[in-house]
Amino acid sequence: MGNIVHFENVGLRYGTGPETLSDVSFTLATGGFYFLTGASGAGKTSLLKLLYLAQRPTRGVVRLFGEDAGALPRARLPGFRRRIGVVFQDFRLLPQLSAYDNVALPLRVAGVRESEIEAPVMEMLAWVGLSARVTAKPPTLSGGEQQRIAIARAVIARPEILVADEPTGNVDPEMADRLLHLFEALNRLGTTIVVATHDLHLIRRIPQAHLMRVEKGKLVDPTGLLRHPPGAA
Amino acid sequence: MTSLRRSGAIDLKLLGQGQRSWVMAGIMAIMLFLTVLSGALGLGVARSAGGLDRQLAGQLTVQLVEPDAALRDSRAKALVVGIARVPGVARVREADRARLAALLQPWLGDAGLDPDLPMPVLIDVTAAPNAAAAVAAAARRIAPGVRVDSSARWLSPVRGLLATLFWVAIGLVVVIAAATAGVALLVARAGLDTHRDTIDVLHMLGSTDLQVARLLQRRIARDTLLGGAIGTLAALALVALFQTKLALTGSEVLGGATLAPIDWTLLLLLPIGFALLATVATRMTVLRTLGLKL
């Protein structure tokens, strides 16, 4: 199994402020399942931003899909981003679009024909239990429903990596289990999953998952499985 | 679900229906109203100048001043016969002397009718434009003191005025087109600012800058076409009214300003041209602005 992500001495600084992330090095194997934990403000979201190409590192090397993401020309970013599904902590649904259109958006962006969009979107909405809210717009949905729409949007295009920031923060335990089941199903199909969470129940549900912990901008490796090269002591 | 399947409908939904859309359409209506009026002025003036050129080309006036009445009459006849023989001359006619005297009467009083007053003889010549020099040479051979004037020469200030008006009209069209591109640029920047969250999400989902630019350029092109069509129709109605009024003046110069079908077609195409211009300006602005981001 190859590596899909490789960070080497990565540092991230916003403007002229202090480093939010310092000397972060790790490798994610293709098809792996990873939890990212850490206190609020520790740098989890910043690390995820580097993963889904919303930021470039200020130093070090971030390799995604075998290429140096920090050196990618702007024109190649869309192609890389289409291979990554993201569940944002604040959902970032488009309020002017219906639930259906929000979920369909990644497929439309990727140029999928309209005739091939409806079936997967309806299937995905059924998966997250929102078949009855197809035409509802985000402002009329509850927090949990919005979160499920955000998850459906992130996975609809079968990404190679799924990055989720607190994906079950607003749903009840039963729905959290259901969503985790969806992540596992995707993982079995080969998608690498990275979930940032505080939810210990969620972490315990996937015993084979690797655990990463961010503390004050540095990565701690409680499972000892993230060292580069993988498995090295 | 039909409407959801149309990507065009999605484009419009993505950006929402804002108040700004109507403002843009309103501005474009005013821009196109002014542009079509300027364009109509330019085309009308060009038509009028063209008509004037056609009328005056080859129109010559031969003036014979001779105090001896008998000699004047004989030279006048010789001039008419001699000039008529010049190749390229279509028509030679001596101006009616009684009519000339009547024209001069307000200035000279009854003295203008005095046969002893040496009235100049005026001979109107219509010739091919390249025959003017031969006509002048022939006339001077018959009567050395004769004066030959080209009608185009004494109407050249009018022709110059028409040319100036034409270029002023063209300049106005160019200035308004530049202003339209400027408005499109500002609206595109404002659109990028207003829809920043939507654009960020689209980028994170893998949208290219070109896809984002298309969203805004379609919106701006649609508003330009809508507003432009309203402004153009209003201006064309006004131009048609002017045309009717000009025709009623009976003036050859003003009547020559009547627009031809091709002119009306050109004016009708202006909103499309402006929509294309606004589209290009929007595309360039969006691509340039987004190119500065990650």
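I'll start with two helices of chain B: α10 (residues 209-249) and α12 (residues 261-290) pack at an angle of about 155 degrees, and their axes are 8 Å apart. Axes here are lines fitted to C-alpha atoms, for helices over the stretch in contact, with angles running from 0 to 180 degrees between N-to-C directions. Helices are DSSP runs of H or I with at least four residues, strands are runs of E with at least two, and both are numbered from the N terminus. Angles over 145 degrees count as roughly antiparallel, so α10(B) and α12(B) are roughly antiparallel to each other. Their contact is made up of 18 nonpolar, 6 polar and 2 charged residues. Nonpolar means Ala, Val, Leu, Ile, Met, Phe, Trp, Tyr, Cys and Pro; charged means Asp, Glu, Lys and Arg; the others, Gly among them, are polar.

This is a predicted model, in which local features need pLDDT of at least 70 and side-chain atom pairs count only at pLDDT 80 or more, while totals for chains, interfaces and linings use all residues. Residues are numbered from 1 along each chain as its sequence is written, and chains are lettered from A and ligands numbered from 1 in the order in which they are written.

Now the whole chain. Chain B has 12 helices and 4 strands. Its C-alpha trace spans about 100 × 35 × 30 Å along the principal axes.

Last, the partner. In chain B, 19 residues are in contact with 21 residues of chain A, contact meaning C-beta atoms, placed from the backbone, within 7 Å. On the chain B side, α1 (2-5), α2 (7-15) and α9 (196-204) each give two or more residues. That side has 9 nonpolar, 8 polar and 2 charged residues.

Key:
Contact = placed C-beta atoms within 7 Å. Parallel < 35°, antiparallel > 145°, perpendicular 65-115°, else oblique.
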